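I opened this entry to keep track of what I looked up, going from the chain to the ligand.

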Amino acid sequence: MSEALDTIRDETEAAIAAAADLRALDAVRVAALGKSGRVTGLLKTLGALAPEERRSFGAAVNALKGEVERALDQRRTALEAAALEARLAAERMDVSLPPRPFPSAGAEAGAIHPISRTMEELIALFGAMGFAVAEGPDIEGDWYNFTALNIPAHHPARQDHDTFYLPAPKSGGDSPRPVLRTHTSPVQIRTMLAQEPPIRVIVPGRTWRADHDATHSPMFHQVEGLVIGRDITLGHLKGCLTDFLRAFFGIADLPVRFRSSYFPFTEPSMEVDIGWNRKTGELGAGGDWLEILGSGMVHPKVLANAGVDPKVWQGFAFGMGIERITMLKHGIPDLRPFYEADLRWLRHYGTSPLSPFNLHDAA
Ligand code: DAH
């Protein structure tokens with residue numbers, strides 16, 4: 001009997017020492033202490049022994065069981081520590097490494113959409129000139145979108161806008177139907193009604209017109225600008241927009257031309273052109289002019305409609321198409337892929353989320 005005990009002890013301890021991992025160790029535990037294990041087998045024989053023998057042999061078997069359990073515990077602790085060491089070594093990361101190149105090889109790396117990128121740039125560039133960001137709803141009241149902006153019911157400018165109208169609310173009587181805003185200009189009105197001048201905001205956002213071809217989409221984006229103060233002049237308008245256009249396009253001596261025009265909500269009104277080469281599409285030089293945005297001094301009627309006293313306050317406003325300036329800046333020929341979620345296009349024209357825009361990128 002004691003020989004059997006010694007054999008079991010020696011073999012089990014050797015097997016524990018040889019177990020290379022936790023799974024192998026568990027197999028050793030089952031072979032010794034499991035339901036049909038060798039030590040368990042010895043315990044099962046105790047019942048058949050004479051009381052004298054049972055006491056001494058029982059004590060010896062229990063002692064063996066304790067030894068095996070301790071040896072298993074020790075080995076398990078050692079194996080767990082080794083496994084942790086191995087994992088730490090395998091998963092070591094060098095926090096001083098630079099970010100992976102974009103897009104990282106084989107991985108589905110995301111990219112910032114050019115529209116979002118341009119909005120980031122607008123917010124950074126105008127932010128540096130003291131502009132806050134204002135927002136308004138896509139579904140707009142007729143009064144905000146047209147009437148308050150000095151475009152009354154039968155004004156011809158209403159026809160230019162190819163407006164999407166929504167059904168009138170049932171309780172609305174004969175009040176005008178809501179519209180999908182045709183420009184960001186209604187946020188001029190909302191901002192003036194919501195806050196006291198002086199005001200300096202830009203309004204990047206979605207706009208809607210029933211138009212669809214290579215350069216028009218029924219949904220597109222504009223950015224509006226509004227500056228109201230006691231002595232804001234056309235000089236401020238020219239300086240602000242010239243600085244912005246040169247910084248945005250990264251061309252320090254970009255030619256900028258202000259050409260008189262007409263908008264119902266400004267007086268005087270000006271179209272702003274930049275210099276480019278019509279043949280090559282190159283911006284900056286070439287002697288041709290490209291219209292880029294509308295602007296003007298806010299019409300006194302518009303100020304009054306929005307509760308701002310035109311005898312005390314004056315200011316300028318501007319509006320431009322975000323897709324348009326994005327296409328020009330990056331040489332993107334077609335508007336339609338902007339909204340097609342084609343990953344190949346996005347990889348080509350998108351920018352890395354790891355390189356957020358900052359003012360040092362601007363000229
Ligand atoms: N709202 C005009 C449009 O969508 C653009 C515009 C022109 C906005 C002149 C202005 C402005 O604020 O002063 O065509």
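I began with Pro 198, which I found in the loop between α8 (186-194) and β4 (199-208); helices (H or I, at least four residues) and strands (E, at least two) are DSSP runs, numbered from the N terminus. The peptide bond that leads from Pro 197 to Pro 198 is cis, with omega near 0 degrees. I noted that this is a predicted model, in which local features need pLDDT of at least 70 and side-chain atom pairs count only at pLDDT 80 or more, while totals for chains, interfaces and linings use all residues. Residues are numbered from 1 along each chain as its sequence is written, and side-chain values use heavy atoms, with hydrogens and water left out.

I then looked up Pro 268, which lies in strand β7 (residues 266-276), and found that the bond from Glu 267 to Pro 268 is cis as well, with omega near 0 degrees. Asn 150, in the loop between α6 (142-145) and α7 (157-160), has phi near 70 degrees, a positive value in a residue other than glycine.

**Overall dimensions**

I recorded twelve helices and nine strands for the protein. Its C-alpha atoms fill a box of roughly 120 × 55 × 40 Å along the principal axes. The radius of gyration is 39 Å, whereas a compact globule of 363 residues would have one near 21 Å (taken over C-alpha atoms, the globule rule being 2.2 Å times the number of residues to the power 0.38).

**Around the ligand**

Which residues come nearest to the ligand? Of the 15 around it, I listed His 183, Ser 185, Arg 209, Gln 222 and Glu 224, a residue being near if one of its heavy atoms lies within 4 Å. The shell divides into four nonpolar, nine polar and two charged residues, and β5 (219-229), β8 (288-298) and β9 (314-321) each supply at least two of its residues.

For polar contacts I took pairs of N or O atoms within 3.5 Å. A ligand oxygen is 2.6 Å from a side-chain N or O atom of Glu 224, and an oxygen of the ligand is 3.0 Å from such an atom in Gln 222. At Phe 318 I noted a polar backbone atom 3.3 Å from a ligand oxygen. Taken alone the ligand exposes 350 Å², of which the protein buries 90%, with areas from the Shrake-Rupley method and a 1.4 Å probe.

Notes. A polar contact is a pair of N or O atoms within 3.5 Å; within protein, one must be able to donate a hydrogen and the other to accept it, and residues adjacent in sequence count only if both atoms are side-chain atoms. Ala, Val, Leu, Ile, Met, Phe, Trp, Tyr, Cys and Pro count as nonpolar, Asp, Glu, Lys and Arg as charged, and the others, Gly among them, as polar.
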